[in-house]
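Please read them with the structure open.

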Amino acid sequence: MTSEQVAEQVSARRAFGETVCQRIIENIVKLGFPLQTELSLPKFDSAEFSLVTDPFTQTQDLVGYWYNAGKQRIGQIKFHGDGSFYAEYDVVQPHPTKKQWFVEAINAWGQQDNIKTEAKLLDIPQ
């Protein structure tokens, strides 16, 4: 895939992707994390994008990965050829109000007109 094709796909999905990022941020805030937190928050344009062929459908999927300063992957967003998407963004912090939970990540999925998000929680053994 050429970088022009990737850039066209990123541009075509920017508004959708920014909405997904906003919904992930809203979920993080809803959990009780302050916005002025040490957490990095997902920004659509800070992801590194590429096009990959889905082995099942043979469609071109646009995949973006977020990395931290140490170049460790901290999230991904994938736009499927059928218009659906899946995203996951690492939080990796103790829950701010429920001490028995650890927030691993925020998952998001669905379609442009039906975005769902959910925190991926782990039980902290007592």
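The points below cover the nonpolar core and then the salt bridges.

1. Basis. This is a predicted model: local features need pLDDT of at least 70, side-chain atom pairs count only at pLDDT 80 or more, and totals for chains, interfaces and linings use all residues. Residues are numbered from 1 along each chain as its sequence is written, and side-chain values use heavy atoms, with hydrogens and water left out.

2. The core. The largest nonpolar core holds 30 residues. Such a core is a set of buried Ala, Val, Leu, Ile, Met, Phe, Trp, Tyr and Cys residues joined through side-chain atoms within 4.5 Å. Buried means under 20% relative accessible area, exposed over 50%, and partly exposed in between (1.4 Å probe, protein chains only). Val20, Ile24, Ile28, Phe49 and Phe85 have the most contacts inside this core.

3. Who supplies it. At least two core residues come from each of helix H1 (3–30) and strands E1 (48–53), E2 (60–67), E3 (73–79), E4 (85–94), E5 (101–111) and E6 (114–123). H1 gives the largest share, 8 residues. Helices (H or I, at least four residues) and strands (E, at least two) are DSSP runs, numbered from the N terminus.

4. Val20. What does Val20 touch, leaving aside its neighbours within four places in sequence? Val20 is in contact (heavy atoms within 4.5 Å) with Ile77, Phe85, Ala87, Ala108 and Ile115. In soluble globular proteins, nonpolar side chains tend to be buried together.

5. Salt bridges. The whole structure has 4. The criterion is a side-chain nitrogen of Lys or Arg within 4 Å of a carboxyl oxygen of Asp or Glu.

6. Arg14 and Asp45. Their closest N and O atoms are 2.9 Å apart. Asp45 sits in the loop between H1 and E1 and Arg14 in helix H1, so the pair ties together parts 31 residues apart in sequence. Arg14 is partly exposed, at 28% relative accessibility.

7. Glu48 and Lys71. This salt bridge has its closest N and O atoms 2.8 Å apart. Glu48 is in strand E1 and Lys71 in the loop between E2 and E3, so the pair links distant parts of the chain, 23 residues apart. Glu48 is partly exposed at 42% relative accessibility, whereas Lys71 is exposed at 55%.

8. Arg23 and Glu26. Here the closest N and O atoms of the salt bridge are 3.8 Å apart. Both residues lie in helix H1, 3 residues apart, about one turn of the helix. Glu26 is partly exposed at 42%, and Arg23 is partly exposed at 30%.
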